[in-house]
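I opened the model today to look up a few local features and to note down how each was defined. The entries follow in the order in which I made them.

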Amino acid sequence: MLDIKFIRQNPEKVKEGIARKQAKIDIDRILELDEKKREYLQKIENMRSEQNKLGKDDIVKAKEIKEEIKKLEPELENTDKELQTLLRKIPNPPLNTVPTGKDDTENIVLREEGKKPEFNFPIKDYMDIGEKLDIIDTQRAAKVSGTRFGYIKGGAAMLEFALVNLAMETLAKENFVPVVPPIMLKPEMMEGMGYVERGAEEIYYLEKDKLYLVGTSEQSIGVMHSGEIFEEKDLPKRYAGFSTCFRREAGAYGKDTKGILRVHQFDKVEMFSFCHPEKSMEEHQLLLKMEEKLMQLLELPYRVINICTGDLGDPAAAKYDIEAWLPGQNQYRETHSTSNCTDYQARRLNIKYRDSKTKKPEFVYTLNGTAFAIGRMLIAIIENYQQKDGSILVPKVLQKYTGFKKIG
RNA sequence: GGAGGGUUGGCUGAGCGGUUUAAAGCGCUGGUUUCGAAAACCAGUUUCCCGGAAACGGGAUCGGGGGUUCAAAUCCUCCACCCUCCGCCA
């Protein structure tokens, strides 16, 4: 959500921002509603003031005022309701650093890092290797749960735990607090994160219990401090969340149907930061740096993408993706993503900090980034570390966690 | 799943229809005092919205929504959460 005062004072800027994001919201209508709302509010408050002053001295007059207020209140309510609905639909305008573009074809590759491995034998796809080693089983998963599920077994399961350990250990050095959050959220919390307005189709909802399943722990960590006020000295507040993530993949029929690249359920370690507004650019770079560091520790080749305006989600004002090189598919595929959501989520969730100078509560900025999306990391490791004999080497940095150096 | 009891400001805790201002204590901030500090004393201290350059003025806010009333923290109602006991359970 945007600040109505900001919209009032900078209508052209807002219009330009949401146009860059390919969104169509009637800002003039919002301004009109805002003015109407304040008019009603002023009237009602004046009347109420008068009523309060009367007290029990003139009960007849007080009763008259009460009736008048009762007539005006629905007008105010309806105006405000329409205003709030429209306000919540406005996406977060992009920062200046974000390239303008209509969709993902106009994202910018910032750089390529790491050395692509060379193979002196015919390379295989991760599913060929995984099935032969019996560490990924999507057939039986389909039998018991349907398409887009998988059993991660044996060496692959051990790799998962190793990756989680590596991520937690690395992030702890930068003061990320490890957290295992709830994976079911109340509707108002999910809405606060800004993913329901346009992404409801993507999210699982438990009708009977009125709970959403999280698509990422970003959602349950972001809402953790809702309604709270941080002390400025406690910022940035960083978390490293581990959770299972659930996605309906409703709009992805026929896309990546094979294997475990795009599944309904996977585990992920996610970074989340509540930070001071002036420090958000720095913080975003830190999250990106941590993502790159983790990829470098695993010695995996990757490239960094600056996501263009048309490909940003509603809450994000800037976003970088990391795509890992997958030799088995001869292409880069997304494994990480980090977003600066500025005060968009904080305003919806009412998360503030107390400014040390003014002593007034101000909204924090929220940022998130992937540490490891386990499934996709397994894919990247299997394909990059495959050997001629069909086995997989365990990346050096993970060996102390797995206790073995090779799968198969 | 069943039966009871709760939810008040940063914290403890009173108030259970009406002195427009939510008691008191603790904490916190500022001041007086002091060579400095502690103590003491004085003042301030929820959050949000509207108007205003500001000072300030107005409104809302006692878990949340709705209702009764001229007037609600207080009465009614629905919901959420917490606690205790019973049942089930990793």
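**Entry 1: a loop residue**

I looked up glutamate 228 and found that it counts as partly exposed because it has 13 C-beta neighbours inside 10 Å; a residue is buried with 20 or more other C-beta atoms within 10 Å of its own, exposed with 12 or fewer, and partly exposed in between, the C-beta atoms being placed from the backbone. Glutamate 228 is found in the loop between helix 10 (217-222) and strand 8 (229-231), where helices (H or I, at least four residues) and strands (E, at least two) are DSSP runs numbered from the N terminus. I also took its separation from lysine 5, 223 residues away along the chain, and the C-alpha atoms are 22 Å apart.

**Entry 2: provenance**

I note that this is a predicted model, in which local features need pLDDT of at least 70 and side-chain atom pairs count only at pLDDT 80 or more, while totals for chains, interfaces and linings use all residues. Residues are numbered from 1 along each chain as its sequence is written, and chains are lettered from A and ligands numbered from 1 in the order in which they are written.

**Entry 3: strand 12 and its partners**

I turned to strand 12 (residues 318-326), where 9 of the 9 residues are buried. Ala318, Tyr320, Ile322, Ala324 and Leu326 point one way, whereas Lys319, Asp321, Glu323 and Trp325 point the other way. Strand 12 pairs in the antiparallel sense with strand 11 (residues 302-306) over 5 bridges, and with strand 13 (residues 331-340), also antiparallel, over 9 bridges; pairing requires that DSSP finds at least two bridges between the strands. Strands 12 and 13 form a hairpin with 4 residues between them, and asparagine 330 in the turn has a positive phi of about 55°.

**Entry 4: a helix pair**

Which residues of helix 7 meet helix 11? I listed Leu166, Ala167, Thr170 and Leu171 in helix 7 against Met290, Lys293, Leu294 and Leu297 in helix 11, contact meaning C-beta atoms, placed from the backbone, within 7 Å. Helix 7 (residues 154-172) and helix 11 (residues 280-297) pack at an angle of about 130°, with their axes 11 Å apart; axes are lines fitted to C-alpha atoms over the stretch in contact, and angles run from 0 to 180 degrees between N-to-C directions. The two helices are therefore oblique to each other, since angles under 35 degrees count as roughly parallel, over 145 as roughly antiparallel, 65 to 115 as roughly perpendicular and the rest as oblique.

Definitions and conventions:
Two residues are in contact if their C-beta atoms, placed from the backbone, lie within 7 Å.
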